[in-house]
Amino acid sequence: MPVPELPPPQSSVPGAASHFGTHVLAAAARAFGAEAVPGSPHRTPAVPTPPSVSAPAPPPPGATAGAPAPAPDLDRILRGPSGLGTTGLRLILREDPAAYSSPASSPSADTSGGRPVPGLYHHPVPEPDRVRVEEVSRRIKSWALDEVSLYPDDWEEQFDGFSVGRYMVACHPDAPTVDHLMLATRLMVAENAVDDCYCEDHGGSPVGLGERLLLAHTALDPLHTTKEYQPSWAKSLHADAPRRAYRSAMEYFVQAASPSQADRLRHDMARLHLGYLAEAAWAQLDHVPEVWEYLAMRQFNNFRPCPTITDTVGGYELPADLHARQAMQRVIALAGNATTIVNDLYSYTKELDSPGQHLNLPVVIAEREGLSDREAYLKSVEVHNDLMRDFEREASALAESCPVPSVQRFLRGVAAWVDGNHHWHQSNTYRYSLPDFW
């Protein structure tokens, strides 16, 4: 019996790889003096250039006082190339905002403001495009309520306060359309539903977590079984909100992604779930790990699935052999690790106010290294800064050694995700506030 289908997606992205990626990669090939980008199946642009809406130009990457400036090569990556024939390589918007509903009619929490963690090495970004933010916010709420029945009425304020539309617009400045942004937005919401409902705030528990995560993972990586047992598995995908969200978000994603990009995401989601299980094991044992052990767990329980899809959201593909290169894997891992420590730092006071002990880097350093809360927090800032410097150094080296247009653009996309992630944490005063350590 075939798997029961959800209603057809309302905002699929047909031909995403050819619509924006062909135009960008062909322009990139010309800029680098090549006939085609290695690994790209598209040789010539087949889509007329759509109306262009220029995003505010990113400011020069500005670090906090005392932090070293990024290397010149990284500065070139973040800014994008200049000169004749390089327009298609820039991080620009591609849609006419007049096509969207009025911002006043769209639900979205106002989360502007906030201040960065003092001493944290980061780069400011332009305020996310408000029209796009409002449209993504409207669409994701409609999806959550109408397509997957994600949350009950009394969770609405928290959903709005998360401001996922603002988050994703900040992290993906090169998304050619709102449809592309929605690919990342649905996955982000689904991942948080799994975290909240299975692990933490809304009924989560370490007890039995492995079973729940395994069954939910089959919504991303389908079960291949006999005809007798297929219906039972298919029915299970609708059993709870996390599985419904995973199933629907992945359904949209595979329509826009190549098989390689989809498999890449499944692999990184398995990494994420493995990290959840390690943290749950420590919680059941009431164990505080060594600092290096905690950082190992956080390399898996982290944001990696988000920047790893930056090319799909951008409408192009980083070929599988280039993505799998050891140097690229190190860059992606460092980006995921740095952005996850950002979450530890900004959510520190929120977690202190929650029941029970929540492991985060300051808590683990304080316990294992005998430091005060303040000293442990400030040391965690330095751990983040070291990871950021390593990320920028490795990204610069890779850009220099592999001047392939898709590699260059992917590195800029990951760097944009790192900066957008910090911007969202800093500015989301609904969720986060800083400790009084300064």
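Predicted model: local features only at pLDDT ≥ 70, side-chain atom pairs only at ≥ 80, totals over all residues.
Start by selecting residues 130-147, helix H3, and residues 178-199, helix H6. The two helices pack with their axes 10 Å apart, at an angle of about 50°. That angle makes H3 oblique to H6. Their crossing is right-handed.

Lys141 lies in H3 and Glu156 in helix H4 (residues 156-162), so the pair ties together parts that are 15 residues apart in sequence. Lys141 is buried, at 9% relative accessible area, whereas Glu156 is partly exposed, at 35%.

Next, select helix H9, residues 241-256. Within it, Glu251 and Arg247 are four residues apart, about one helical turn. Their salt bridge has its closest N and O atoms 3.9 Å apart, and both residues are buried.

Now show Asp344 and Arg298, whose side chains meet in a salt bridge of 2.6 Å, N to O. Asp344 belongs to helix H14 (residues 326-346) and Arg298 to helix H11, so this pair links parts 46 residues apart in sequence. Asp344 is buried, with a relative accessible area of 0%; Arg298 is buried too, at 12%.

How many salt bridges does a search of the whole structure find? It finds 19.

Finish with Phe300, also in helix H11 (residues 291-300). Phe300 is partly exposed, at 31% relative accessibility.

Terms used: Residues numbered from 1 in each chain as written. Heavy atoms only, no water. Buried < 20%, exposed > 50% of the residue type's maximum accessible area, 1.4 Å probe, protein only. Axes fitted to C-alpha atoms, helices over the stretch in contact; angles between N-to-C directions. Parallel < 35°, antiparallel > 145°, perpendicular 65-115°, else oblique. Left-handed = near helix turned anticlockwise from the far one by under 90°. Salt bridge = Lys/Arg side-chain N within 4 Å of Asp/Glu carboxyl O.
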